[in-house]
Amino acid sequence: MLRQIFIVSALNFKSLTSRFWQSMVIVVGLAATIGVMLSMLSLSAGMQQAYFNAGDPGRAIVVSKGADNENQSNITRAMAPLIADAPGIAKDKDGKPLADRGLNVGVPVLRKDGSKGQTTMRGLADKGLGVRPELHIVAGRMFQPGKREMIVGVGAQTMYQHMQIGDKVILPDGEWPIVGVFATGDLLDGQLVGDTETLLAAMHKTVYSTMLVRLASKDSLDTFKKALTTNPALSVTVERHSDWYKRVANQNTFGLALLGYIVGAVMAIGALFGCLNTMYSAVSTRGREIATLRALGYGAFPVAVSVILEAVLLSATGAVIGAGLAWVLYDGKQDVFGGMVFHLSVSRAQFELGVIWAIAVALLGGILPSIRAARRPVVEALRAT
Amino acid sequence: MKYLPLVWTAVMRTPMRTILTLLSVTVAFTLFGLMIGLNATFDLVADRARADRIFTEPRFGGIADNGMPIAIARKIAAMPGVKVVTAVNFVPGYVQDPKHPVFLVMLDGNAEKVVEDWPISPQVWSALRNDRTGIVMSKSQAQRWHKKVGDTFTMISKAVRRADGQNSWTFKLIAIGDDIAEQTNGYVFGNYDYIDKAKPVADQGKVNEIDLLANDPATAPELAQRIDRAFANSATPLQTTTDKMARSGKDFGGLDVKAITHGIALAGMFMVLFLTGNGIAESVRERFAEFATLKTIGFSDRSVTVMVVLEAALPCVLGGALGVGIAALLARQLPGLMPPGFGLPLPTVSPLVMVWAAVSAFAVALLSAALPILRLTRMDIATALSGRT
């Protein structure tokens with residue numbers, strides 16, 4: 001049986017060249033479908049990656065109860081030391097807990113194309129770098145605590161105007177010079193960072209946004225969480241940093257991803273009809289050849305399988321071309337969406353997803369023609385011109 | 001017209017091929033209609049954006065802040081060139097579960113003059129003023145919450161608390177208004193005065209946004225800058241923009257909507273071009289001898305060309321019309337599929353969208369018929385008739 005399938009399919013593929021343009025309908029259809037879908041998904045996937053990179057499982061984030069994002073959260077000055085002194089937090093060299101009082105402020109920016117956008121200005125306090133060791137300066141210098149200075153992420157620098165070293169950021173108490181450029185490899189790259197306490201004073205605010213702590217070990221989250229949630233003086237939510245960003249990422253990229261899948265699905269339906277069309281005409285073109293094989297004693301099943309295999313091969317080729325195009329055009333390109341700077345991503349997982357979609361289309365589009373090929377009476381097919 | 005029976009026979013020679021091609025073209029044009037329709041909506045919103053309307057909000061922070069003092073609204077009202085000012089408060093929250101977010105906008109008595117182009121009648125505005133807990137919803141929002149006029153609407157807001165510390169708010173739906181293209185998530189609005197007085201004293205007298213009309217649309221951009229400058233060194237610096245400036249006609253959170261939608265529509269067209277091109281080429285190849293016969297009995301190259309173009313155009317035009325029709329029906333459903341607050345506007349399948357679809361359908365038909373026609377006009381009749389092609 002396998003041998004028969006192999007022989008019939010080999011014969012099939014050999015005759016593909018004579019049906020080149022007809023076969024291209026499937027290849028082009030799937031290339032367009034998967035190319036468009038993966039190009040769109042590169043947005044949500046890239047954003048997700050920026051969030052995931054920021055979420056370190058060795059950290060925990062503390063927000064006020066009910067806050068779904070950092071901007072909504074309020075941690076008062078009275079709460080901060082209670083959180084920092086809780087058990088389960090790693091200690092710095094000086095023996096103090098690695099807990100950072102963070103601040104998130106929305107700030108308007110001008111994108112490179114001149115349109116208005118928004119980004120986040122983040123405050124880091126004394127333990128900021130201890131908690132976020134991934135933040136490193138790539139140009140200029142770090143801001144000095146207590147001084148009205150700011151550093152800018154590499155992504156923000158390329159996507160927004162007026163973000164060079166020496167440029168000034170206008171805050172309520174005056175202009176803050178940008179003194180350095182930093183990189184983290186995550187969503188912070190699209191943001192501005194300054195000293196929490198100085199920023200608070202400048203913004204006329206009295207509360208922090210969040211507390212970010214480095215856990216003593218990955219397993220000490222429960223200890224830390226229990227200490228905070230049983231403390232009646234606190235009304236906070238504690239989450240592992242990686243879990244927090246997983247949730248935020250899903251919340252903020254779901255819509256874009258869904259849009260990509262909807263467009264992909266609609267195009268796939270169009271490609272499916274094209275695939276059906278091509279396979280039906282392939283089966284009728286090869287009617288005699290198939291009938292001859294059947295007359296020689298080849299079974300109906302190997303003939304049917306060979307038709308489906310042809311559809312799968314052509315579709316998968318199309319998917320690889322489409323995914324390849326999406327990868328060449330978009331993978332790694334820096335983009336901005338809704339206040340976030342990130343790199344578009346066409347990953348291996350998406351490549352596979354594209355090929356799986358294409359195979360699904362091929363199976364749906366190949367089955368009916370394959371049944372026709374297998375069931376056509378041999379004598380009738382041999383007589384047909 | 002006299003060719004129609006001939007074309008029809010040709011098309012119906014292989015009904016399966018015709019139907020599958022038609023279906024594929026229909027799907028591609030459904031996508032085309034939705035994508036170009038989305039563009040049409042962005043253009044419509046940009047066109048309708050008023051040059052004299054100005055929005056101002058705190059430059060830093062978000063809606064989690066309590067807002068800025070209402071005194072700012074009074075100071076702006078006193079600035080030269082300002083016609084009328086309205087104070088706006090936001091009540092972000094959810095119904096029953098955080099998974100069902102809702103966003104209320106609370107407007108004061110001047111709102112009627114500032115958003116005079118909204119589809120809200122003077123009767124509804126005055127009814128709202130007479131019912132402190134009254135709210136008005138857009139049709140889409142009323143549908144989403146299954147509410148009709150007279151129903152109560154209860155929501156939870158973590159950000160806005162009542163004076164007694166509770167965070168559940170109950171309103172009465174007094175009217176349902178038509179949706180507006182620029183309010184992509186629909187709208188729910190109520191009385192600023194009510195929400196302000198219901199809050200703890202410390203939170204009262206705050207606003208999230210101030211909207212105003214300029215006396216002269218021409219000087220509105222300058223007025224916006226003047227407002228920003230006047231408050232630049234205050235405790236609440238402002239970020240002010242005109243309605244016109246805020247709606248460029250293509251910007252969706254930084255994405256170039258035009259480029260994306262055109263790309264998708266084009267990919268769909270490319271896909272069907274291959275399909276129809278192949279179909280027509282195959283059909284002509286199969287009937288080569290027939291065409292030779294036609295030419296022998298006196299059909300000119302022109303008539304044969306017309307026949308092939310018509311044969312190619314039939315599924316394109318019919319599929320285009322069907323696809324755009326389906327797009328018009330689906331357009332209403334699309335925002336409902338998106339998560340609440342995503343802000344994707346309703347695609348508008350406007351006459352212009354239909355014109356573009358028709359142009360594209362003909363272009364696809366002509367392109368796919370081009371090569372077969374070339375072959376037919378250059379054919380050697382005797383060879384073709386003998387079947388030795």
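**Domains and chain contacts in a predicted model**

In this predicted model, chain A is divided into domain 1 (2–52 + 249–383) and domain 2 (66–234), with bounds that come from an automatic or database domain assignment. The C-alpha centres of domain 1 of chain A and domain 2 of chain A lie 47 Å apart. Residues are numbered from 1 along each chain as its sequence is written, while chains are lettered from A and ligands numbered from 1 in the order in which they are written. Local features need pLDDT of at least 70 and side-chain atom pairs count only at pLDDT 80 or more, whereas totals for chains, interfaces and linings use all residues.

Where do the two domains meet? Nine residues of domain 1 of chain A are in contact with 14 residues of domain 2 of chain A; contact here requires that the C-beta atoms of two residues, placed from the backbone, lie within 7 Å. On the domain 1 side, at least two residues each come from helix H2 (20–54), strand S11 (334–337) and strand S12 (340–343) of chain A. Helices (H or I, at least four residues) and strands (E, at least two) are DSSP runs, numbered from the N terminus. S12(A) gives the most to this side, with three residues.

Turning to the two chains, the contact takes 43 residues from chain A and 39 residues from chain B. On the side of chain A that touches chain B, two or more residues are given by each of H2, strand S2 (99–110), strand S3 (116–124), helix H8 (241–285) and S11 of chain A. H8(A) gives the most to that side, with 16 residues.
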